[in-house]
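Open the model in your viewer and keep the selection panel at hand. The stops below go from a helix pair to a strand and its neighbours.

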Amino acid sequence: MFARGCRYVVLLVAVALPSPAPPSLRAAADHAGMLIGAAVRPAQLSEAAYAATLAREFNMVEPENALKWEVVHPEPQSFDFSQADQIVDFAFEHGMKVRGHTLVWHQQNPKWLTEGKFTSAELAAILERHIKTVVGHYRGKIFAWDVVNEAFDELHPGDLRSTIWRDQPGIAIAASSEPRASNNLARSELEARSSKPHSAERGYAYMERCFHWAHEADPQALLFYNEAEAEVVNPKSDAILAMVRDFRQRGVPVDGVGFQMHIANLRADVTSISANIARFTALGMQVHITEMDVALPVDANGNARPEDLQRQADIYRQIAEACLAHRGCTAIQTWGFTDKYSWIGSHSKHTQGAALLFDRDYRAKPAYLALKNTLAAR
Ligand code: XIL
């Protein structure tokens, strides 16, 4: 009798108490069914505080530079996986997922490639081999890839950027997918006959090949198109939407879009970001926030103003809410996690910084709490 009464009391207490705050960002993300990631530098993994914070707070990692061509493919005939392998091994030990970044980009390419004066056919063979070798090496280990990064132009909204892969000299895909000259139709006539111009007409057919090559190398991997300054509804995101819709309709294996989310000047148009996430996820695309940071003005010692740290926290919270509001938005990743190691400093000549969730001594900032609480509230 007494024992049964006791059990009642215990049960009632358990129901009445609010659930305890999750002990970490990672626990909060697990609770929300979300991926929470950070870009990682392998050289720092031997630093105890870096490794401990990373493993405790995140359930996903992405090499910040270790999978870029200049690191992973330093010579025409040799690949160097040693740096990225360290990150993948770390992730495996700590039960974390790995995103791959990036297979096709116009930056951080080795000189042998950019100055090699290859023909288009040679370049296509080099790129196919690169994609298949790198994706193949991590088959079953890297669950999602940024296949192409930043292919749309910054200065001409909606247009593609001129790159070694697209048109300098490009990878020579036109012959396989552009309407053949032999059908003797002028381009204008061809376009007039087709309400929807073929992807080659729009210039992005070269990317299509890359998605197919990546898919051949690891059919299970999720394949993303990743972009900067396309977080809001604008001509760039309009063009990406048209491209992935066309890819989807024609069976090109694209699974998602990455929005980098490098936020400057404490300005984020969250209403537009949310509408943009909505229209991509409505297409059946996954959305990952891939490189978030919120740069703050800093003094000569790298310190930000307390009120800015609060405004920064608010932005992290709002972006997380926008993501959580759409089922297809499945990952939030920051570009680094400690202000000790962040690209913002060098990128801004040290006038900006303090952009991440932990300070230089690995202390959690207001932004950390805001993000954790938002995930916990899901
Ligand atoms: C940056 C790295 O963080 C730096 O360490 C490197 O010197 C330059 O590249 N968009 C991207 C990332 O897709 O790959 C870039 O990373 C930041 C902008």
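Helix axes here are lines fitted to C-alpha atoms over the stretch in contact, with angles from 0 to 180 degrees between N-to-C directions. This is a predicted model, in which local features need pLDDT of at least 70, side-chain atom pairs count only at pLDDT 80 or more, and totals for chains, interfaces and linings use all residues. Residues are numbered from 1 along each chain as its sequence is written, and side-chain values use heavy atoms, without hydrogens and water.

Select helices H14 (residues 306–324) and H16 (residues 366–376): their axes come within 8 Å and cross at roughly 25°. H14 and H16 therefore count as roughly parallel (angles under 35 degrees). Contact (heavy atoms within 4.5 Å) involves residues including Tyr-316 and Arg-317 of H14 and Leu-371 and Thr-374 of H16.

Next, select strand S6 (residues 256–259). Helices (H or I, at least four residues) and strands (E, at least two) are DSSP runs numbered from the N terminus. Gly-256 and Gly-258 on one side of S6, and Val-257 and Phe-259 on the other, are all buried, meaning under 20% relative accessible area with a 1.4 Å probe, protein chains only.

Strand S5 (residues 222–227) runs parallel to S6, joined by 4 bridges, and Glu-227 stands opposite Phe-259. Strand S8 (residues 286–294) is also parallel to S6, again with 4 bridges; Val-287 is the bridge partner of Val-257.

Finally, select Glu-208 in helix H11 (residues 205–217). Why does Glu-208 count as buried? Its relative accessibility is 11%. The C-alpha atoms of Glu-208 and Val-244 are separated by 9.8 Å.

Definitions and conventions:
Buried means under 20% relative accessible area, exposed over 50%, partly exposed in between (1.4 Å probe, protein chains only). Two strands pair if DSSP finds at least two bridges between them. Angles under 35 degrees count as roughly parallel, over 145 as roughly antiparallel, 65 to 115 as roughly perpendicular and the rest as oblique.
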